[in-house]
Amino acid sequence: FPVTIAGGQTYQIGCLSANTIQQINNIMIWVGADKNGKPLLFATTGDTPQKISNLSVERMLQEIDNYDDVTSWSYQSYGHYFYCLNLPKCNTTLVYDLTTKIWHERQYLLENGNTSRHRADGLVLWKNMYLVYDYEKSIVYEMNEDYLDDNGNPIQRIRRTSQVFSTDKLARISEFKLDAIVGNITDTDEEPRIYLRCSKDGGNSWGNMIEKKMGKKGDYLKEIR
């Protein structure tokens, strides 16, 4: 048989787990490794694969020895495309927003106050519902942004800022005002609460919780200071 030149181009990037491959919005995403051997997250639309993982994500990926139990799922909501990566060894779920190109974590709040990875191990779209199945129990849940709890358990949302001051100069913060949408809670009369903790040593230790209420239903002008 005659030998011909194959079209296209070859990239020295492999795939560490077939369970991490997802195609969303015509973009293929997977956990792979380049010729140097370190695990990274790649995305491609058919051209040159681009690295989408950051240093924090890559540090978690390098803690994993076996990628057989690493799974992924993806979905679209309100114009945002999400790639969700379950890392059982790190006990967390990493989520990449393809629209904003920002990473965040999703976890499950246990009754003892600790957190574990997200309950969902996979997702399907059925009759306009997102159904996810539990990685540990034989349970299927409907995932919807309108639900205010995780199957009866409260959802704790954590936002960490970057370091405010990078110099060695002493700084005193006398007041902190949070800009937030308030008064829009539904299906409950319980007033939501928010807690603030500060670190004075770069995140190695944290101060006591400062609690504030965020306004009841219809209290759209509530200020949180």
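Begin by selecting Lys 177 and Glu 223, which form a salt bridge (a side-chain nitrogen of Lys or Arg within 4 Å of a carboxyl oxygen of Asp or Glu) whose closest N and O atoms are 3.8 Å apart. The pair links distant parts of the chain, 46 residues apart, with Lys 177 in the loop between strand S15 (153–154) and strand S16 (193–196) and Glu 223 in the segment after strand S17 (210–213); strands (E, at least two residues) and helices (H or I, at least four) are DSSP runs, numbered from the N terminus. This is a predicted model, in which local features need pLDDT of at least 70 and side-chain atom pairs count only at pLDDT 80 or more, while totals for chains, interfaces and linings use all residues. Residues are numbered from 1 along each chain as its sequence is written, and side-chain values use heavy atoms, with hydrogens and water left out.

Salt bridges that share partners join Glu 175, Lys 177, Glu 223 and Arg 225 into one network. Lys 177 is partly exposed at 40% relative accessible area, Glu 223 is partly exposed at 46% and Arg 225 is partly exposed at 41%, where buried means under 20%, exposed over 50% and partly exposed in between (1.4 Å probe, protein chains only).

Next, select Lys 51 and Glu 58, whose side chains meet in a salt bridge at 3.0 Å, N to O. Here Lys 51 is partly exposed at 47%, whereas Glu 58 counts as buried at 8%. The count of salt bridges comes to nine.

Lys 51 leads on to Leu 41, because the two are in contact (heavy atoms within 4.5 Å); leaving aside neighbours within four places in sequence, the contacts of Leu 41 also include Ile 29, Val 57, Tyr 83, Leu 85 and Trp 103.

Finally, zoom out to the protein chain, whose secondary structure comes to one helix and 17 strands and whose C-alpha trace spans about 80 × 55 × 30 Å along its principal axes. Buried residues make up 31% of its 225 residues.
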